[in-house]
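Morning, everyone. Let me put it on the screen.

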Amino acid sequence: MSRATSNPLLQPWNTPYGLPPFAEIEPAHFKPAFERALNDQLAEIDAIAKASDAPSFDNAVAAFDRSGRLLARLEGLFYNLTSSETSPALQAVELELAPLMAAHSSAVYMHAGLFKRIDALHVQREALDLSGEQRRLLERVHLDFVRAGAKLPASAQARYAQVMERLAELTTRFAQNVLADESAYRLVLRGESDLAGLPDFVRAAARQAALDRGMPDAFVITLSRSHIVPFLSFSERRDLREQAYKAWTTRGEHAGEHDNRAVAREILTLRHEQARAHGHASYADYALADTMAGRAAAVTELLAQVWEPAKARAAQEREALQALLRSHGDDMQIEAWDWRYVAEKLRQQRFELDEAALKPYFPLSSMVEAAFDCADRLFGVSFVEQPGIKVYHADVKVYEVRAADGSPIGVFLHDNFARPSKRSGAWMSSYRLQTRNVAGGGDVTPVVVNNNNFAKGAPGEPTLLSYDDASTLFHEFGHGLHGLLSSVTYERLSGTNVLRDFVELPSQLFEHWLDEPAVLKRHARHYKTGEPIPDELLQRLKAARRFNQGYETVRYAASALLDMAVHSLTAAEGPDVSDFEAGELERIGMPAGIGINHRLPHFQHLFSGSSYAAGYYVYLWAEVLDADGFEAFVEAGDPFDAAVAQRLRRFIYSSGNSLEPSQAYRAFRGREPTVDPMLRQRGLVDEPS
């Protein structure tokens, strides 16, 4: 049997739903498979470019959208594995492939013959008899080529391709360095003095983490957010809080092989060169040219609307925390590793809201059912578990997604638990995108995965979520629905392939249903008794919703401002990121004792790829849309109003990038969005009387 025919990546996947044959795949299979896939697509591109017929939408644009099927299949598998279940062998392949993949992308998007045909169609697009979606695809594909260097002189293209190859290597290294620091760290707790203040759910998660690491006689706090935040909120040991906080915030900043400071600096230098090649003064100008915001001034204006009010609110919050300490005879000045701990004490006092009493009503299984139920009530889709299907890890659950008539519309993978082989954070991704542009006809249904990093409960015990964890689950599920409900013709316009300051709208909007009392009464049930969450607890939860929002908004907005500042630099050489961060935070008046969401040496949104570079603001931009958008249901008097839900599905969740995003939002809402609901949602302005 030849090497090619023995490689499962190059064979038909005769598996349920066409899922990858995970059990048969080895890291060594990937490079030869990718080499074959890259060559196959280049041959397809050459054939499209050399066609003797005059260029048409079908023989150029639609044909290009159909190209690279094997490559798309491999990318969907490989990059999901390197994020969710990596290994040293996979990481080595990932580093080896990074420049090859970037070189291939340059070869495709700088292909003079192909671009000549697409450019000719773009010039005459007004005269072509195109549908709205076809015109959108032509415009988007043409812009993809231009932004990838298709119009640069040949001499400049060669250097541009080198820059993109090096950036691919650096961003891959950046992500691997962060994972190395996260996987290596463990705060080992032994004895009651180390565990002081930690409620049972934190102890259970720490016990499970210790067992996972072969330490049956200890408790372990990792740098997973679902470990570190509860530890900082409850531990009475200030020295251990400081130790854990500093480990969390210095990821990627330790001298040695995993130091990201030089990596980030070179990334910034090369991004500036990339932007200058396109005639932009800074990378931010280049990145924002293809967004709803359009320009840096629009982003700065939005961030300015929350920055000063958030600082003022955080100052009030700090004074309340210091007052609580003084009332107990404690004159400690609050540092960043203290804030969550003191804030939790104040929250319990002010709202009688104890996280330990709340979490039993939020078992993971019930919150998953809540998300599925909301999707069914809004969009008529159901999720049917397929326990017989095994994928890349035993913790991952597989669901067939069905339309109201019972027909399958996709597959959903749910990967909820933290582990050393998985990168931190929470994200949605796809193994396969929805498309109807298939050679020979037919439809391709999507395969979507949601990744979370929840701390697994002790053996035999359920995993209990915080309310923030449940919000994260709903957020990622909103992204998942955006991929699963996609109903477009062309893959380039499918699902979450939208402008990046629109992509967070479906996810953040879906979080609102977790806030609905009817949803919580139905699904937030005590895992032992089955009793629904008491009304008084619901009221206290609602009353506390805006508690500590100054702190949270300052942390987010400072990170977004830092992102914009570092990518707005016009110097050819990137800065030392740690020095730049300190200077910029001082310049904008960053309050002491709070910290920011992501420091630059581990800011994966910015440096593990380019999707959110000069783009961390998008969460706030989308929050303007989601807060305003949910008001449509409020105005209808029903969070599941059928007419509003039908418009939401048609124009937001199903339309992908087939509509210009502002047009899609207006079609759903009937008007432009306003910023006031977002400001009220964050408690930065008063509710109208």
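Predicted model: local features only at pLDDT ≥ 70, side-chain atom pairs only at ≥ 80, totals over all residues.

The protein has 29 helices and seven strands. How does its radius of gyration sit against the globule rule? It comes to 25 Å, close to the 26 Å that the rule gives for 689 residues, so the protein is as compact as a globular protein of that length. Along the principal axes, the C-alpha atoms fill a box of roughly 85 × 60 × 60 Å.

Next, packing. Of the 689 residues, 58% count as buried. Take the contacts between residues at least 6 apart in sequence: 73% of them join residues at least 24 apart.

Now the surface. On charge, we have 74 positive and 92 negative. Their mean positions are 1 Å apart.

On to the rings. A pair of aromatic rings is described by the distance of the centres and the angle of the planes. The structure holds 40 aromatic pairs. One of them is Tyr665 with Phe668: 6.1 Å centre to centre, 80 degrees between the planes. Why edge-to-face? Because the angle of 80 degrees is over the 60 degree cut-off. Both residues lie in helix H28, residues 661-669, three residues apart, about one turn. Buried or exposed? Tyr665 is buried, at 2% relative accessibility. Phe668 is buried too, with a relative accessible area of 2%.

Last, a cluster linked by ring pairs: its members include Phe372, Tyr399, Trp513 and Phe633.

Note on methods:
Residues numbered from 1 in each chain as written. Heavy atoms only, no water. Helix = DSSP H or I, 4+ residues; strand = E, 2+ residues; numbered from the N terminus. Rg over C-alpha atoms; globule rule 2.2 N^0.38 Å. Buried < 20%, exposed > 50% of the residue type's maximum accessible area, 1.4 Å probe, protein only. Contact = heavy atoms within 4.5 Å. Lys, Arg positive; Asp, Glu negative; His and termini not counted. Charge placed at Lys NZ, Arg CZ, Asp CG, Glu CD. Phe/Tyr/Trp six-rings, centres within 6.5 Å; stacked < 30°, edge-to-face > 60°.
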